Amino acid sequence: MSTVLSRPLTTKKSAATGFPAVPQVNLLPPEYGARRALAALKRRLLFALVVVLAVAAVAYGVAFTTLTAARAEQTRAEQETTRLLQEQQQYAEVPQVLGQLTRAEDARRLGMSTEIMWAPYLRAVGAVMPEGMLLTQFAMTGATPMLAPAPPSNPLQKETVSALAFEAVTDEVVDTAAWADALNAMPGFHDAWVSTASADEYNGQPVYKYTSTVRVTSDAYADRFAEEE
């Protein structure tokens with residue numbers, strides 16, 4: 001017997017499976033292997049289907065919860081809107097009243113835009129009149145809310161919104177220049193002028209009649225209802 005034949009046979013085992021690591025031959029028919037591959041494929045497909053269904057279920061749950069919350073929020077918003085509309089009906093006249101009040105304030109502001117408190121000015125005119133002079137006539141002309149003031153007649157004339165014309169009598173000759181200066185010194189007055197002076201006789205005594213005019217600027221406006229800035 002040769003040395004090769006008498007040597008004991010040794011086999012190596014696979015470290016992974018523990019079985020002999022020798023070539024093996026599959027003697028099973030091909031149909032058996034195909035069935036095993038098909039079964040494995042089915043298992044994988046079933047697992048994938050379960051995962052897809054689980055994901056779909058979670059997504060459906062999230063969507064349903066979100067939809068439920070949105071519907072609840074919509075319901076609360078509709079209820080709040082209904083409540084506000086009901087309360088609004090109780091105050092439906094408020095905008096109308098506010099509109100009427102605004103129109104009334106605008107009308108008052110326009111109507112009183114050219115208001116001048118004449119009483120203090122008349123007292124001031126009487127205070128600067130020469131001693132012994134009596135005021136007999138008084139007239140005022142000027143702008144109104146619907147009529148703009150007349151423009152200045154010359155470049156040296158200040159803007160005028162009104163004018164006073166008055167007549168006065170005295171038994172003595174007066175200094176008309178000093179009188180005009182006193183009128184011009186009053187706030188809101190300018191261009192005072194003694195237009196005519198005439199002499200007459202009353203009960204045997206001499207009487208002197210003077211006609212004077214003075215212009216009024218916008219500083220004399222009371223502005224009691226002017227819109228505040």
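Predicted model: local features only at pLDDT ≥ 70, side-chain atom pairs only at ≥ 80, totals over all residues.

Colleague: What makes the pair of Tyr60 and Phe64 stacked?

Modeller: Two checks. Ring centres must lie within 6.5 Å to pair, and planes under 30 degrees apart count as stacked. With 6.1 Å and 20°, Tyr60 and Phe64 meet both, so the pair is stacked. Both residues sit in helix α2 (residues 30-90), four residues apart, which is about one turn of the helix.

Colleague: Why is Tyr60 called exposed, while Phe64 is called partly exposed?

Modeller: Exposed means over 50% relative accessible area. Tyr60 has 59%, so Tyr60 is exposed. Phe64 has 48%, which falls between the 20% and 50% limits, so Phe64 is partly exposed.

Modeller: Now try Trp118 and Tyr121, whose ring centres are 6.2 Å apart with planes at 65°.

Colleague: What makes the pair of Trp118 and Tyr121 edge-to-face?

Modeller: The centres are again within 6.5 Å, and planes over 60 degrees apart count as edge-to-face. At 65°, Trp118 and Tyr121 pass that limit, so the pair is edge-to-face. Both lie in helix α4 (residues 118-128), three residues apart, and both are buried. Together with Phe189, they form one aromatic cluster.

Colleague: Which strands stand at the edges of the sheet, and how do you know?

Modeller: Look at the order first: the open sheet of four strands goes β1-β2-β4-β3, with antiparallel pairing. β1 (134-142) and β3 each have a single partner strand, so one side of each is left without a neighbour in the sheet. On average, neighbouring strands are turned by 15° against each other, direction ignored.

Colleague: How do you know that β3 and β4 pair?

Modeller: Pairing takes at least two bridges between the strands. β3 and β4 are joined by 11 bridges, so they pair, and they run antiparallel. As an example, Val194 has Ser212 in β4 as its bridge partner. The two strands form a hairpin with two residues between them, and Asn203 in the turn has a positive phi of about 55°.

Colleague: What about strand β2 and β4: how many bridges join them?

Modeller: Nine bridges join strand β2 (residues 162-170) to β4, again well within the rule of at least two, so this is a pair as well.

Colleague: Last one: why is Asp191 called partly exposed?

Modeller: Its relative accessible area is 35%, between the limits of 20% and 50%, so Asp191 is partly exposed. Asp191 lies in strand β3 (residues 189-202) and has a positive phi of about 55° although it is not a glycine.

Notes
Residues numbered from 1 in each chain as written. Heavy atoms only, no water. Phe/Tyr/Trp six-rings, centres within 6.5 Å; stacked < 30°, edge-to-face > 60°. Buried < 20%, exposed > 50% of the residue type's maximum accessible area, 1.4 Å probe, protein only. Axes fitted to C-alpha atoms, helices over the stretch in contact; angles between N-to-C directions.
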